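Trainee: I have the model open on my screen, could we go through it together?
Mentor: Gladly, please bring it up and ask whatever you like.

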Amino acid sequence: MMKMKIKIKINLLLVALLVAAVGQAQEGMWIPSKLDDVIADMKAKGLMLDAQDLYSTQKSSLKDAIVWFDMGCTGEFVSGQGLLFTNHHCGFDYIQSHSTVENDYLTHGFWAKTLKEEKPCPGLTISMVESIVDVTKEINAQLAGVLPEERAAKLAALKMEYAKAATLPEGKSWAVEGRGAFGKEWQTAEGAYSSFVREYNYGTQFFRIVLKTYKDVRWVGAPPSDIGKFGGDTDNWVWPRHTGDFSVFRVYADKNNEPADYNANNQPYQPKQFLTVNAQGVKEGDYTMVYGFPGRTEHFLPSPAVEFMVNDQLPLRIAFRDVAMQVLKDRMETSDKIRIQYAAKQSAVANAYIKWKGQLLGLKKFDVVAMRKEQEMLLSKTTKIQPVQDVDSLYREYGAYVLATSAYSEFMGIGPELFRFSMRTKEWAEMAKKESWTKGLAEEKWAEVAAFYKDFDPLTERDMFFEMAPLFVSKVSGRLEGQAIRDALAEAEDDWGGVLYNMYENSLFMSEERFKAAFMQGDFKSILNDPVYKMAVALEEQHLSVVAPKYKLFAQELEKALQSWVSIQTNQKTPASKWCDANSTLRVTYGKVGGSHPKDGVTYDYVTTTDGILQKNASGNPDFYIHPQLDSLYRNHIFGTYGNNGTLPVCYTGSNHTTGGNSGSPALNAKGELVGINFDRSWESTMSDVYFNPSICRNIMVDIRYVLWVIDVYADADRLIQEMNIVK
């Protein structure tokens, strides 16, 4: 009996390792400057390009056509005039910001007929990678022998030293130590170039990255919601999918093609390289490649970390999102104004909510905790795996603080909006102390406030607090978070309605008119005594004084343990150790166009067509609504040159390893031509941030033929078609 148990355990482990080996070609997000490590396998799978065609600093390459869109998504140049494709959901904030009840671009879409009609998007940035250089050996050599308590300060100094060593174009120099998306960095005086050293795999590797950033970005067009958001929350993270998830922007530059603030006289940017668009289509088994900025994966996590995620952290976050989703749904159904006001927030809340539910389901279904334990057990027979025990101890000691941090993040991040907004008044109050609060200064700062109130509804605020506050205080001990809310509840004699009344009834923040009157007069005494502001401050102070220090200590110790764990796996030369976790830096992933067999009795084809749109529309679900013009075009097969045998492809799936941040990434064929735009994963694939199973993990792409059909046939935006280099 004992021999049989041992045999079963070993067989389970062999299966797990076999799966990893089979998936090696598809699993992984490869650093473009290190593609020589995998280029032979990429070519064996069908790639017709060399590594230098994908990434080069000596000539233009595909990397020059890929951009970091708004520091959260990816986009790609598709013309020599700075025309840019990304996802509809990536541009959603800017589509929403331009929308009103009178001009409901969210519902009806928008297409600029001329360059002059293209709409400015203040705050939107587009960054391109100039270079990626591995500085791991250099930094580690100087860290050797440094005392543990001195390492952090020494590393910070080295990162800035090596960041400043980056070469700039003639006439440019590093002038300012600024703060960017990844912390401290060197910047040129005008802020166009930035250089920083990014840590990979918990600080076991270091790469210097130089970015060039453009700030004049304009919205060119987007399809209506029944194309760009077809399927809504019903289909989010689901296959089969029929969503035309794309939007179009353009980057502008000064007369020298250099970055500049918005100016009506700026000209369309001329990129070093833009993508050829291939409208010939894809078929199952074709080579496919996704080039973009994936956000975060955690495939090195040992079993104790995965176990905490499955049993504690994901259920907590899902519970908060569940409540927020219901509040937003109920309020957005009451009027078009509120629907438009909260469309972007609802989309963001729903995206993570549905993803986490799928991730939890997948991790449980494949029992990834048990799988990791089996792998660790086998490894322990030949190697000391002390880091795994260290991680386990850390979660046992600090788990409550980790959960408290997650709860605080959810409540303050997606819950009542006035708490976050009111905290900004501290900055303005300090400003008023230091300088005269003139009418001109007040009017200048009011523009920021007005942008907030444009998308604010008082009743939605009240409902969000009423539903989320009880959850917040029930999920976390008052010793850690939320004591101010408990005090308010006690004062109201355990009546949540009383808490609402006491906090919101006389709050200046609940009325744009009342807040504006106090703000313009510089009456910050009244503002800082407002019950909403005082509650926000009390919650923040408790978090910062009680929870944040412990969480910071946990994070520091966890990183040390994971550094050791990554080193052990790297020395073992496991398949997983050959690529670095995603960290919002530029990566390439490759695979094949293909369907999947996610569970018994279910097989998914690799492609969907407009026939499926009509079938879903017939269900009566409002998420599948299409307006009459679209219905007629679909039914009468008016597909122009983009259809095939009476059908028009909409989306397809592939085995590319993607994650958040890959949204908007170009899907490229073996020649590096644009054949689709990545926008999602199947529900069964959401676990791939932690565990990638090549047999079922699939990314979802909108077929470029559908994109072109929408622009050309549906929207009649022929001027955009004429800009592109299209292979038909």
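Trainee: Where is the place of T188?
Mentor: T188 belongs to strand β8, which covers residues 183-188; helices (H or I, at least four residues) and strands (E, at least two) are DSSP runs, numbered from the N terminus. This is a predicted model, in which local features need pLDDT of at least 70 and side-chain atom pairs count only at pLDDT 80 or more, while totals for chains, interfaces and linings use all residues. Residues are numbered from 1 along each chain as its sequence is written, and side-chain values use heavy atoms, with hydrogens and water left out.

Trainee: And is T188 buried or exposed?
Mentor: T188 has 2% relative accessibility, so it counts as buried; buried means under 20% relative accessible area, exposed over 50%, and partly exposed in between, with a 1.4 Å probe and protein chains only.

Trainee: Which residues does T188 touch?
Mentor: Leaving out residues up to four places away in sequence, T188 touches L168, S173, W174, A175 and Y193, where contact means heavy atoms within 4.5 Å. As for K172, which is 16 residues from T188 along the chain, the two C-alpha atoms are separated by 7.0 Å.

Trainee: Switching topic, what about P122, buried or exposed?
Mentor: P122 counts as exposed, because its relative accessibility is 74%, and its place is in the loop between β5 (119-120) and β6 (126-134).

Trainee: Which peptide bond is cis?
Mentor: The bond from W239 to P240 is cis, with omega near 10°, and P240 is found in the loop between α9 (232-235) and β12 (247-253). Most residues other than glycine have a negative phi, and most peptide bonds are trans.

Trainee: What phi does N257 have, then?
Mentor: N257 is not a glycine, yet it has a positive phi of about 70°, and it lies in the loop between β12 and β13 (267-268). With 24% relative accessibility, N257 counts as partly exposed.

Trainee: And what phi does N645 have?
Mentor: N645 is not a glycine either, and its phi is positive, at about 55°. The place of N645 is in the loop between α25 (628-635) and β20 (649-654), and at 75% relative accessibility it counts as exposed.

Trainee: Let's look at a helix, how many residues does α12 have?
Mentor: Helix α12 (residues 343-365) has 23 residues and reaches 33 Å from its first C-alpha to its last, close to the 33 Å expected at 1.5 Å a residue, the expected span being 1.5 Å times one less than the number of residues. Of those 23 residues, 17 are buried, so α12 is largely enclosed by the rest of the structure. Just after α12, D367 takes a positive phi of about 45°.

Trainee: Stepping back, how many helices and strands does the chain have?
Mentor: The chain comes to 27 helices and 24 strands. Its radius of gyration is 26 Å, close to the 27 Å that the globule rule gives for 728 residues, so the chain is as compact as a globular protein of that length; the radius is taken over C-alpha atoms, and the rule is 2.2 Å times the number of residues to the power 0.38.

Trainee: What share of the residues counts as buried?
Mentor: Of the 728 residues of the chain, 56% count as buried.
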